[in-house]
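Here is a short report on one protein chain.

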Amino acid sequence: MQSIRKRLSIIIIACSIFAIILCALFVNLAVNNTFNKYMSDIQKQRNNRIVQYFEQIYKKDKGWQQTSGEELMHEAYMGNYCLTLLDENKHAIWGMNPSTIKQNMSNMMMKSQNSGVYISNTFPIKNNGKIVGYITIGQYSSVILSKQDIDFKLEINKNIVISVIVTALAAIVISIIISKQFSAPIKSVSDISVELSNGNYSANSNIKSNIVELSNLTESINTLGAKLKKEDELRRRLVSDISHEIRTPLNVLQNNLEAMIDGIFPVDENRLNYLNNEVIRFGKLLDNLSTLNDFEDEKVKLNMKVISLDEIILSVCSEFYIELKSKNIDFMLDVEKNEEFKVMGDYNKLKEVFINIISNAIKFTDINGKIWVSLYKDKGKILAKIKDNGIGIKEEDLPNIFERLYRGDKSRHKVEGNGIGLTIVKRILLLHSANISVSSEEGKGAEFILSFKEVGK
Ligand code: ADP
């Protein structure tokens, strides 16, 4: 197996080199074609010039002589082409020997373009529109290139090769940098996922990327790690909380029963009542745990119908009348007038929600404290606010209070409870597509806001 960085580099380098070579081949082909076309145009011009020259000679000499135009022979020899002058009956007047050209070309080290095939073209020479003779121009290549021409072509090709090498080197360097940019976050996420799967939930990636998907990937793995870490902590806490919750009443029962058996405590009604209360508390804890379990296993069936939240709140508040009185709590209920608060829900379950939250407010509010309950509408939602000026919740406890068996440290020692109420509240609200939010300042009170979707909206 290869690392992503190696594989990416190889792919980018291979693609770049392939593209560069292809590009170089096209450039080379285009340059050669253009150059050959240019040379063949020059050759055509040369042929025209030669024909015109012989036409003038004919005109001047008023016919052909044995030496007509022989002075061109030297130029032809130097230009590596062969001339043969023919009269109108195609009988040779004079002509050059192609083998001398071949010899000359090999002397000039132009073997490369000497294909060995002798090509000749015959052009008519005219005087007053009448053909008076022919000139044959022959050469050992379709296009004759001089040494300079060949050097020029070689120079261009050399430059193309140098550009290919330089560009390929640049592509290699760039591909290594780019592949690092891509692979670093992926590698880091992969390393972290290995760490997470090994149970090291503290691992997180600090690699930044300006590529949206890669940045999302690193952020998500970090969030996942943080969540797993929190879950792990809560799980550990849950186990220790459950054993603590169970051990406490059992210890009380055991100690008291042993003391009674040993005759240290008398077996009277008071003591039996006390022990019975502990057993009841213990039973409640188990009941709550089993209710929570039902919610988590999604065993709970809801009896959904249209219900009025104001009705539920009024009924719950009246049930707490005695408790409120005994703590002398100033209780204010404010239901928005001339409004209906109809929601689709299970009456008993929603009642349980308000019982839990209002009972918490009473539990965590000192004697002579205040509790405000209000029901109103805002932005198409029905909102229920339960606020108290009790002990409040520590900032670090706020994100956890809806977790199973989570209890703020203060409440653990001072107030009775088992940290399941709000977990059940949250589950019930979830089944009703409703939300709950909490805000609090330690020592100043807490405020819970429940938001429901109004029926028909
Ligand atoms: P319990 O009340 O049985 O401990 P809950 O799940 O109902 O369990 O509440 C979890 C924790 O949230 C409580 O232990 C307490 O720390 C905190 N809490 C809930 N409501 C309030 C409130 N009104 N004021 C202060 N703390 C609260």
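Predicted model: local features only at pLDDT ≥ 70, side-chain atom pairs only at ≥ 80, totals over all residues.

Local features need pLDDT of at least 70, side-chain atom pairs count only at pLDDT 80 or more, and totals for chains, interfaces and linings use all residues. Residues are numbered from 1 along each chain as its sequence is written, and side-chain values use heavy atoms, with hydrogens and water left out.

The chain has 11 helices and 11 strands. These are DSSP runs, numbered from the N terminus: helices are H or I with at least four residues, strands E with at least two. The radius of gyration, taken over C-alpha atoms, is 51 Å, well over the 23 Å of the globule rule (2.2 Å times the number of residues to the power 0.38) for 457 residues, so the chain is more spread out than a compact globule.

| Property of the chain | Value |
|---|---|
| Accessible surface (Shrake-Rupley, 1.4 Å probe) | about 27,500 Å² |
| Carbon and sulfur share of that surface | 55% |

Buried residues (under 20% relative accessible area, 1.4 Å probe, protein chains only) make up 37% of the 457.

Which residues of α11 are buried? In this helix, residues 421-431, they are Gly421, Leu422, Thr423, Ile424, Val425, Ile428 and Leu429. Their cover includes α6 (269-296), α9 (347-363), β10 (435-441) and β11 (445-453). Just after α11, Ser433 takes a positive phi of about 55°.

Notes: Buried < 20%, exposed > 50% of the residue type's maximum accessible area, 1.4 Å probe, protein only. Contact = heavy atoms within 4.5 Å.
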